[in-house]
Amino acid sequence: KMEQMGGRMQVIVKQFPSGQLTMPMLLGYMDNLEVTERFIPDLVLLDYPDLMKINIDNPRMSIDEIYKDFRGVMVARNMAGAVVSQSHRAAAKAKQVGAENVAEDYSKIANADTILTMSQTSAEQKLGLARLHVAAGRNDQDQITIVISQQYGLGNFIVDSNMMLGNYWQQLPQDQEET
């Protein structure tokens, strides 16, 4: 893949202690990368904003501010940004996780341009399958689902993918306990 991109792919992974990272600290780190490493990322993956420093007196407003600020930084710097979040407990039994299943604060959805959810029944897990669903899209098509094949043992999150067809559920074994 790097040869296809001219051998110029650079990935930097940075870990911050849970509950310590603030948006000014993230901006400072990105500024430092630009000055010292001459590195300006095209994509920033944040895993995950809920573990950043949150105002414990008003956690929901604090989470909303973090997601809004992160999106603002990405827009201002002309970068793509992606974050991960969790679903609430009831989603563990849902066959299809949707935007309404977001944990803690729905404003996470309101601040995002595109929402992808991942769902997997126990039957799908046994077959190495899962589903990615575009639950919301500000400027793109949404409400579409893609079936992915996975091979975690080889380190592959997605081996192959295809649009989910209407007869998908009939092709799976019938012991479909949700996970």
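How many bridges join strand 1 to strand 2, and do these strands run parallel or antiparallel? Four bridges join them, and the two strands run parallel. This is a predicted model, in which local features need pLDDT of at least 70, side-chain atom pairs count only at pLDDT 80 or more, and totals for chains, interfaces and linings use all residues. Residues are numbered from 1 along each chain as its sequence is written, and side-chain values use heavy atoms, with hydrogens and water left out.

**View A. The whole chain.** The protein has four helices and six strands (DSSP runs numbered from the N terminus: H or I of at least four residues for helices, E of at least two for strands). Read along the sequence, the pattern goes α-β-α-β-α-β-α-β-β-β. The C-alpha trace spans about 55 × 50 × 30 Å along its principal axes.

**View B. Strand 1, helix 2 and strand 2.** Strands count as paired here if DSSP finds at least two bridges between them. Look for Leu 45, whose bridge partner in strand 2 is Ala 82. From strand 1 the chain crosses through helix 2 to strand 2, a right-handed β-α-β crossover (clockwise from the first strand over the helix to the second, with the strands pointing away from the viewer).

**View C. Helix 2 and its cover.** Helix 2 takes in residues 59–76; at 1.5 Å a residue its 18 residues should span 26 Å, and the end C-alpha atoms agree at 25 Å apart (the expected span is 1.5 Å times one less than the number of residues). Its buried residues include Ile 63, Ile 66, Tyr 67, Phe 70 and Met 74 (buried is under 20% relative accessible area, exposed over 50%, partly exposed in between, with a 1.4 Å probe and protein chains only). Among the parts covering them are helix 1 (23–37) and helix 3 (107–110), by contact, meaning heavy atoms within 4.5 Å. Just after the helix, Asn 78 takes a positive phi of about 55 degrees.

View D. The structure holds three aromatic pairs (Phe, Tyr or Trp rings, the six-membered one for Trp, with centres within 6.5 Å; planes under 30 degrees apart are stacked, over 60 edge-to-face, the rest tilted). Phe 16 and Tyr 29 make an edge-to-face one, 5.7 Å centre to centre with 90 degrees between the planes. Phe 16 sits in the segment before helix 1 and Tyr 29 in helix 1, so the pair ties together parts 13 residues apart in sequence. The charged end of Lys 14 sits over the Phe 16 ring, 5.4 Å from its centre (Lys NZ or Arg CZ within 6 Å of the ring centre and within 35 degrees of the ring normal).
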